[in-house]
Amino acid sequence: MVVVHIKNNDQSQFLYETTLKTKVEDFIQAVTAIYNGRLKIDRVCCEIEELAKYGTLYPPEILGLTEEQVEELKLVDYYGDKCIPSGGFTLVKDPVGRRNGKQPKKEMQDVLTKTVKEAREMISKNLIKENKPMTLKIVQQALDLLKGAVTIVYPMKLPPHDVIRMEFENIEDLSGTQASLQVIDPVTAQVWFCGKEMYRDRKILGDYLGKIENCKVIVKLSKRGQGAPGREPVINEEERKQMMLHAYRKQEELKKLDMDNDDNYLNAAWADSGNLKRAFQGINNISWRPGK
């Protein structure tokens, strides 16, 4: 198996296992789906954390309005009265006014926050250090885990306008958001190896990666039009630190040599002209102790 280290903008993302016989087109589709799936999980986790603090999202017609404006326009959050968390709620006002403030009880909060932590660990970048590859199945399992936790707390489902529900149903609208800039279209996605683009019209990965099946390579994923990403450094960060440490130690040794006088060696035992005579007389290594 070929282990591919996927990067985006020089940032490590995940490991992916494949073979040299895999089609380039299939490879691009797979790694892009995993990349976008991990972004989805991160978005959902962030929203679930807010859900655990402040309850469900206000409908679009109320978002951005003050309480006075809502009363004046006689707008009502109908779903807020229907979508009540299991075990009841505590009123905690959302400081940014996005959610209705019906915070789930402590037990239900724990269900959400613990599941968020578990889901993030399933797709963590730390898995790269542990040499654990990522798959689309793992991404889906993390999403199912989050969906199950939300269902436990809100068995009647979230309001149809809540972004968490829309993410689960794959009908989210990211237009005009920062998140939309991160998502990569699988149709136009580009992958790069050693500074060269891996074109889809080539048959298999072996056309670019060589003939050695058991290897580990770095491939960079990007949007079309971003241009070729920077090449990988010749040495990694740890090797650079070791080289700097070695150079510093060498510099300190040279400083000490410069500070030494040329006749410093005269203090050494081998330079003492009377050392041989005392050795024959047997009076070497005699220490004198002052009288009491």
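**Salt bridges and a cavity**

Guide: Lys-40 is buried, with a relative accessible area of 9%; buried means under 20% relative accessible area, exposed over 50%, partly exposed in between (1.4 Å probe, protein chains only). The model is predicted: local features need pLDDT of at least 70, side-chain atom pairs count only at pLDDT 80 or more, and totals for chains, interfaces and linings use all residues. Residues are numbered from 1 along each chain as its sequence is written, and side-chain values use heavy atoms, with hydrogens and water left out.

Visitor: Which residue meets the side chain of Lys-40 in a salt bridge?

Guide: A salt bridge is a side-chain nitrogen of Lys or Arg within 4 Å of a carboxyl oxygen of Asp or Glu. For Lys-40 the N to O distance is 3.0 Å.

Visitor: Which residues are joined with Lys-40 into one network?

Guide: Salt bridges that share partners make the network. Besides Lys-40, the residues joined are Arg-43, Glu-167 and Glu-172.

Visitor: How many residues apart are Lys-220 and Asp-10?

Guide: Their side chains meet in a salt bridge at 2.5 Å, N to O. Lys-220 sits in strand E7 (residues 215–222), and Asp-10 in the loop between strand E1 (2–8) and strand E2 (11–18); strands (E, at least two residues) and helices (H or I, at least four) are DSSP runs, numbered from the N terminus. The pair links distant parts of the chain, 210 residues apart.

Visitor: Is Asp-10 buried, exposed or partly exposed?

Guide: Lys-220 is buried, at 7% relative accessible area. Asp-10 has 47% relative accessibility, and therefore counts as partly exposed.

Visitor: How many salt bridges are found in the whole structure?

Guide: One of them pairs Lys-93 with Glu-67 at 3.6 Å, N to O, and both of these residues are exposed. A search of the whole structure gives a total of 16.

Visitor: Which element gives the most to the lining of the largest cavity?

Guide: A cavity is a set of points, on a 1 Å grid over the protein atoms alone, where a 1.4 Å probe fits but cannot get out; lining residues have an atom within 4 Å of a point. The structure holds one cavity of 30 Å³ or more, and the largest has a volume of about 40 Å³. Its lining includes Gln-13, Phe-14, Leu-15 and Arg-38. With three residues, the element that gives the most is E2.

Terms used: On a 1 Å grid over the protein atoms alone, a cavity is a set of points where a 1.4 Å probe fits but cannot get out, and a pocket is an open set with protein on both sides within 12 Å along at least five of seven lines; lining residues have an atom within 4 Å of a point. Grid points are joined across faces, edges and corners, and a volume is the space filled by probe spheres set on the points.
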